[in-house]
Amino acid sequence: MALSIPIDGWHSTSIVVRDYRQVVTNYARFFGISHWEVFRYDGNHLTNTRFEGELVEHRFIRVMGRNKDLAIELIQPIDGPSSFQHMLDTVGEGVHHVSLTQSTAFNVDALNKTLDELDISIRQTGTIYDVADVYLLDTRSLVSNVMFEVVCPKTENWQASMTPDEVFDIDLTLLGPKLLPTANMLHLGVVCKDRDVAKAGLTKLFSMTDWIEFKIESGVTMSDTTFFGEQVYHKYNNHVGRVGEFALELITPESDKCVYHDFLKEQGEGVHHFFPSMCSKEEFEALLPGLEALGMPIIQGGTIDGLIEYYYIDTRDYLSGVTTEIVIPLCDDWKEKMFSSEKEAWVLCG
């Protein structure tokens with residue numbers, strides 16, 4: 001089946017922040033990204049702006065950091081009505097959208113035709129540097145409050161025309177030891193009221209057909225389940241789906257003492273965590289004191305099928321409202337024992 005919206009890469013994960021200068025060094029250290037480019041979108045670099053169908057004037061700052069494995073975009077709204085400002089006003093900082101499509105082959109006419117067929121509207125749009133039209137798709141009802149960005153360049157070398165207003169080259173060695181062995185973004189974790197609704201939305205939107213399913217319950221498939229250091233009963237269900245390098249974990253909680261239940265209660269559906277790290281138990285135990293010293297303790301954990309341990313690190317203050325997951329394999333052949341095929345293992349780990 002052809003993709004409804006073509007995915008040509010996981011171009012960036014975009015986080016709305018109140019003040020990028022207060023958090024950019026945190027992201028630099030956590031993800032090992034030293035080079036950051038600042039783009040100040042105002043009347044000089046941003047035109048044809050619309051929000052929820054209305055012509056508007058708004059300004060925001062976009063700060064892009066990337067290495068060979070992943071890209072993080074920090075967005076700070078300045079003024080005017082925008083999806084970014086709306087998020088700050090309603091739920092605060094956090095992951096706002098994911099950029100998956102940047103293609104000259106996918107023009108605005110093709111986009112509009114596809115969106116009409118999918119019954120999806122465009123929440124926000126603008127033209128940047130007069131070289132690309134940027135569309136924020138309103139997929140919130142389809143995918144548990146997660147939105148996606150489509151960039152339609154006007155030229156092949158469009159990014160070369162975008163000169164940053166400021167550049168940060170951060171010496172990572174001055175920030176202290178690496179906090180975790182982060183690599184590429186293995187998935188984003190999304191808390192859902194109903195994971196099946198979000199799965200159907202992703203299948204419709206991207207023809208995401210590669211899925212694995214977990215039914216997690218203390219005493220059944222999981223042991224040593226903790227929540228803020230307390231032994232608790234956990235039950236939740238999830239789907240993990242993947243297209244190429246892009247993956248989402250969809251989680252619906254069925255017990256109350258867990259981070260997912262609290263997230264739904266406090267914020268509603270949306271992106272709850274990053275999953276950028278797998279390491280050995282020995283390595284994690286050596287790094288944990290440094291995380292705790294910076295206010296990033298373990299807030300939830302457990303052992304799944306006796307094969308892996310998982311932990312959530314409370315990086316919400318450090319990383320603008322987002323929690324971080326780390327997985328620790330307990331044996332070399334954990335993938336072979338946990339999954340029925342290499343393809344299933346690929347869906348989880350890429």
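## Largest pocket

In this predicted model, 34 residues line the largest pocket, and those lying nearest its centre are Arg 62, Glu 73, Val 134, Glu 149 and Val 151. Two or more lining residues come from each of the strands β3 (46-51), β5 (59-66), β6 (71-79), β7 (94-102), β8 (121-128), β9 (132-138) and β10 (147-153).

The volume of the largest pocket is about 420 Å³. By residue class, its lining consists of 16 nonpolar, twelve polar and six charged residues.

An open sheet of eleven strands runs in the order β4-β3-β8-β9-β10-β7-β1-β6-β5-β2-β11, with mixed pairing. At its edges are β4 (54-55) and β11 (166-169), each of which pairs on one side only. Within the sheet, β9 and β10 are antiparallel and share six bridges. Tyr 135 has Val 150 of β10 as its bridge partner.

## Aromatic pairs

The model has 21 aromatic pairs. One of them joins Phe 31 and Phe 274; the ring centres are 5.6 Å apart and the planes stand at 85°, so this pair is edge-to-face. Phe 31 belongs to helix α1 (residues 20-31) and Phe 274 to strand β18 (residues 270-278), so the pair ties together parts separated by 243 residues in sequence.

Terms used: Residues numbered from 1 in each chain as written. Predicted model: local features only at pLDDT ≥ 70, side-chain atom pairs only at ≥ 80, totals over all residues. Heavy atoms only, no water. 1 Å grid on protein atoms, 1.4 Å probe; cavity = no way out; pocket = protein on both sides within 12 Å on 5 of 7 lines; lining within 4 Å. Points joined across faces, edges and corners; volume = space filled by probe spheres on them. Helix = DSSP H or I, 4+ residues; strand = E, 2+ residues; numbered from the N terminus. Nonpolar A, V, L, I, M, F, W, Y, C, P; charged D, E, K, R; others polar. Pairing = 2+ DSSP bridges. Phe/Tyr/Trp six-rings, centres within 6.5 Å; stacked < 30°, edge-to-face > 60°.
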